[in-house]
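Okay, thanks for coming, everyone.

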Amino acid sequence: MKLSSDRAERVAYYEEKGYWKPYTLGDHLKSWSKSYTDRIAIVDSGRRLSYTELDNDVSELAAGLYELGIRKGDRVIVQLPNSIEFVETCLAMFRLGAVPIMTMPANGVLEIDAFCSLAEPVAYITTDSFLGVDYYGLVNSMMKKHACLKHLISDNGKLEGSLSLESLKKPQMDLPAPHYRDMALLLLSGGTTSGIPKLIPRTHTDYAYNTIASAEYSGFTKDTVYLATLPAAHNFPFGCPGILGTLSVGGRVVMSKTSSCDETFPLIEEERVSVTALVPALVSIWVEARQWDKSDLSSLELLQVGGAPLSDALAAEIGPSLGCTLQQVFGMGEGLLCYTHPNDTEEVILNTQGRPLSEADELRFVDAHGNDVSKGEAGELWVRGPYTIQNYYRAPEVNSAAFTEDGYYRSGDIARLTPEGNIQVLGRAKEQINRAGEKISAAEIESHLGMFQDIKEVAIVGVPDETMGERTCAFVQIVDNADLDLATIRRFLQDRGLATFKLPDQLEIVESWPLTNLGKINKRQLIAQASKG
C-alpha cells in the first residue's frame, strides 16, 4: 500500500478506515469494565481485581492526582515494578490526560536525570526498594536537582517524604478529558550512542490500535491468561498485545515481579497461564531450566519472543522444552509490529519474524543511499503507518536523521521481505564492524555460529583496535563440558564459506550474559570486557 506523502491526508485515511477511533485509552477501560464486570482483570501477589474494581480504583486515583494538581498534558516519571499499582497508575493518567514516562526499575541517575531535563515532569511515582535497590538516594537527588518535580508519590508510602497511591484516591469526579489524538505516554527507545534512551510519544488512538489489533491477530480471548514477566513499562509486555491487549478482550493479567523461573514457573502452574513474552536471553534460561524443573506448564499455549534476534537453534527448542507454540515478534516502541501467526507453518515460525500487523503499514527496504533495493533483497527498513510515530519527543536534531520528509521512520534494521510477505530481520545497520576498512555484519556471524553444536548462544562485537580500527570478538556460551577455542570456530566459519576477514579475532567464553534494562544482551559491557582481554 502506498499512501499520500501529506501527513494530513494520511491521518484522514487512518480515521476513515477505522485504524484511528475517537476514543482515549481511558475510554477503552470504561468500555472494557462494562463488558467484563466481575471477571478477574489482574492478579498480583495473591490480590485479585475484577474489571469493575480496576475501573473504580483508576477513577479514584485519577481524581486524587487531579486534586493534587496534576493536569492534562503534565508529564510524570513512573518507575514501578510489575504490580497492580503500576497498571492502575498508568490507566489513571490515561483517564486524566497526564503522560506517564515509562521508566524501568533498573534506570539509574544518568537516565532519570536526562528524562527530567528533557520532559520536565511534575511528579515522580516510584517505590522504596526493589530487588535490593534502595530508591531513596536516586529520588532525593532528582527532587533536589529538578524544580519541575513538585510531587513525590510511592506505591506503598514507605519512601521517605512520599505520598502513597492509596492515600491519594478520592471520590470519582468528572475530569477534563484528553483528546484521542493527544499524547498518551512516553516510551523509552532502545538507546542512543550516548546510552540515554530517546522518548517515544504515543497517542491514545495509535496505541489503542497497537494493542487491540495485536490481541486480535494473536488470538487473545476472554480465556487468555497473560503473564507479565518482562518489565511492564516496556512496550512489548505493555501493549504488544501484553497487559492492555489482554484487558481489551476480557482476559486475565498475572503480574510477575521477575522473569526468574523460581517465580514464573509456579505462577504459570497456579494461574494456568496461557501466554507470556520473553526476550531470547531469557528463553535460553527457561529452556535450560526445564532440564530439571518439573512444574506443570501444560496450560502455556503461546510464547512470544522478541526484542532481539532469536537463533534458529533456540527457536527449535521452545516447543519440545516448554510445550507451547512460538510466536516471533519483531517490533519497536516507535511503531511497526510484525508477528508470526499461531497457525503459520513451522518453517515460517522458526525462520521469519512474521507479517506487519496492519494493512496500512508501508514498508521500504533501501540501500545506504536511500534507494529502494530489488524485491526480496536486504536493505534498511523504513516504515510509516497508523501506529508509527512521526518524531521523537523534543529531539529536533535526532528527528532530522531518523525520519524522512515524507514521514518514513528509518528503523536502522537490516531486513528483507520473503516472497510470502514475511519479514526476515538480518541485523542492525549500525551493528557493523569496520575491520581494516571491511564492513562486517555482526548478525551474519552470529547466525552461523548459532549453528555450531557446542554453542548455546553467541554475541559478536567490534572492539577498538589500534591496528585494524576494530577487531571482531565472539562471545559464546557453550554447552556443558565442551572444549572450544578460537581456531576451532574460525575453521567452522571457513567451512561454511565465510570470507577470511569475517573470522573472529578474539574469543571470550561466558557463563552468563550482562543484560540491558530491557533484557537484551548488553553489547556495551561486552565491548568493555573484550577491550581488557
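Let's start at one spot: E120 is partly exposed, at 42% relative accessibility. On that scale, buried is under 20% relative accessible area, exposed is over 50%, and partly exposed is in between, with a 1.4 Å probe and protein chains only. E120 sits in the loop between helix 5 (109-119) and strand 5 (123-126).

Before I go on, a word on what you're looking at. This is a predicted model, where local features need pLDDT of at least 70 and side-chain atom pairs count only at pLDDT 80 or more, while totals for chains, interfaces and linings use all residues. Residues are numbered from 1 along each chain as its sequence is written, and side-chain values use heavy atoms, with hydrogens and water left out.

T37 isn't a glycine either, and its phi is positive, about 30°. You'll find T37 in the loop between helix 2 (25-36) and strand 1 (40-44), partly exposed at 34% relative accessible area.

One more backbone detail: the peptide bond from C240 to P241 is cis, with omega near -20°. P241 is in the loop between helix 9 (235-239) and helix 10 (242-248).

Now let's zoom out. The protein has 18 helices and 27 strands; these are DSSP runs numbered from the N terminus, helices being H or I with at least four residues and strands E with at least two. The radius of gyration is 23 Å, close to the 24 Å that the globule rule gives for 533 residues, so the protein is as compact as a globular protein of that length. That radius is taken over C-alpha atoms, and the rule is 2.2 Å times the number of residues to the power 0.38. As for burial, 57% of the 533 residues count as buried.

How do contacts run along the chain? Of those between residues at least 6 apart in sequence, 66% join residues at least 24 apart. Contact here means heavy atoms within 4.5 Å.

Which of its residues are buried? In helix 11 (residues 261-271), they are C261, T264, F265, L267, I268 and E271. They cover an arc of only 160° around the axis, which puts them on the same side of helix 11; the arc is that of the directions from the helix axis to the C-beta atoms. In general, an α-helix has 3.6 residues a turn, so residues three or four places apart point the same way. On the other side of helix 11, D262 and E270 are exposed. The cover over the buried residues includes strand 1, strand 2 (47-50), strand 12 (225-228), strand 13 (252-255) and helix 12 (280-289).

Last stop, further along the chain. K502 lies in the loop between helix 17 (486-495) and strand 27 (506-509), and this lysine is buried, at 18% relative accessible area. Beyond its neighbours within four places in sequence, K502 touches I440, E444 and I445. K502 and I445 are 57 residues apart along the chain, yet their C-alpha atoms are separated by 7.6 Å.

T472, in strand 26 (residues 469-478), is buried at 0% relative accessibility. Neighbours within four places aside, its contacts include I440, I445 and L503.

That's the tour, so over to you.
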